[in-house]
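Hi there,

Have a look at it first, then read on.

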Amino acid sequence: MDDKNHNNPQAAPASKYCRESRVFKTGRVFPNDVNNHKTLFGGKLMSTIDEVASISAMRHCRTNVVTASADSVDFLLPIRPSDSVCFESFVSWTGRTSIEVFVKIISENLYTGERAVAATSFLTFVAVHEDGTPAAVPAIVAETDEEKLISESADQRSELRKIRRTSSKTLASQLSTTKYWE
């Protein structure tokens, strides 16, 4: 695999395997975790997604990271109090200083054992040195069929992120910051 950091004099190691950044976290759904539909709060799910993804990102680069964007969170199936929730994350792509992390959320009905992919998510982090300057990150090597499937479309997601970020900056520059009551 080519080292994407070849032009950086402070380049990170050439590459790491996706598995080196893999994180698993399993939890239960309790009554205070659900909304009025008796399904897991989306915000609760998103908080845990960010938590496990940040661990994957730091495992990959072994430096501080900041969340640059939650690129997508797709809620595919409701998660209920009768379910456990397993979060699995790994680094799926890297740029020079950016890290894309894929998170798969599996629900398991604790009574029947039925398992399903309930949600998927992609987040982007930027690696930073202690002084806040961007840090070079290793490239990734996908090994399993699932890692390869996710990694194959990463360049396309990266381009979409750039377009969306430019669009967001343009929109933000046109928004008011005055207090509505003034």
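Let's start at Phe122, which is buried, with a relative accessible area of 12%. Buried means under 20% relative accessible area, exposed means over 50%, and partly exposed is what falls in between (1.4 Å probe, protein chains only). Before going further, bear in mind that this is a predicted model, in which local features need pLDDT of at least 70, side-chain atom pairs count only at pLDDT 80 or more, and totals for chains, interfaces and linings use all residues. Residues are numbered from 1 along each chain as its sequence is written, and side-chain values use heavy atoms, with hydrogens and water left out.

Aromatic rings

How many aromatic pairs does the whole structure hold? A search finds three. Rings of Phe, Tyr and Trp (its six-membered ring) pair if their centres lie within 6.5 Å; planes under 30 degrees apart count as stacked, over 60 as edge-to-face and the rest as tilted. Phe122 pairs with Phe102 in a tilted way, at 5.1 Å centre to centre and 45° between the planes. This pair links distant parts of the chain, with Phe102 in strand 5 (residues 98–109) and Phe122 in strand 6 (residues 115–128), 20 residues apart. Phe102 is buried too, at 5% relative accessibility. Ring pairs also bring in Phe90, so that Phe90, Phe102 and Phe122 make a cluster.

Then look at Tyr180 and Trp181: their ring centres are 4.9 Å apart and their planes are at 85°, so this pair is edge-to-face. Tyr180 is exposed at 75% relative accessible area, and Trp181 is exposed at 58%.

The overall layout

The protein chain has three helices and seven strands. Both kinds are DSSP runs numbered from the N terminus: helices are H or I with at least four residues, strands are E with at least two. From the N terminus on, the order is β-β-α-β-β-β-β-β-α-α. Along its principal axes, the C-alpha trace spans about 55 × 55 × 30 Å. Of the 182 residues, 41% count as buried. Among contacts (heavy atoms within 4.5 Å) with a separation of 6 or more, 74% come from residues 24 or more positions apart.

Helix 1 and its surroundings

Helix 1 (residues 42–61) has 20 residues and reaches 29 Å from its first C-alpha to its last, close to the 28 Å expected at 1.5 Å a residue. That expected span is 1.5 Å times one less than the number of residues. Which residues of helix 1 are buried? They are Leu45, Thr48, Ile49, Val52, Ala53, Ser56, Ala57, His60 and Cys61. As a general point, an α-helix has 3.6 residues a turn, so residues three or four places apart point the same way.

Lys38, with a phi of about 65°, lies in the loop between strand 2 (23–28) and helix 1, and is exposed at 55% relative accessibility.

One more residue

Last, find Ser84 in strand 4 (residues 83–94). Is Ser84 buried or exposed? Ser84 is buried, with a relative accessible area of 7%. Leaving aside residues up to four places away in sequence, Ser84 touches Thr26, Gly27, Ile106, Ser107, Glu108 and Leu110.

Cheers
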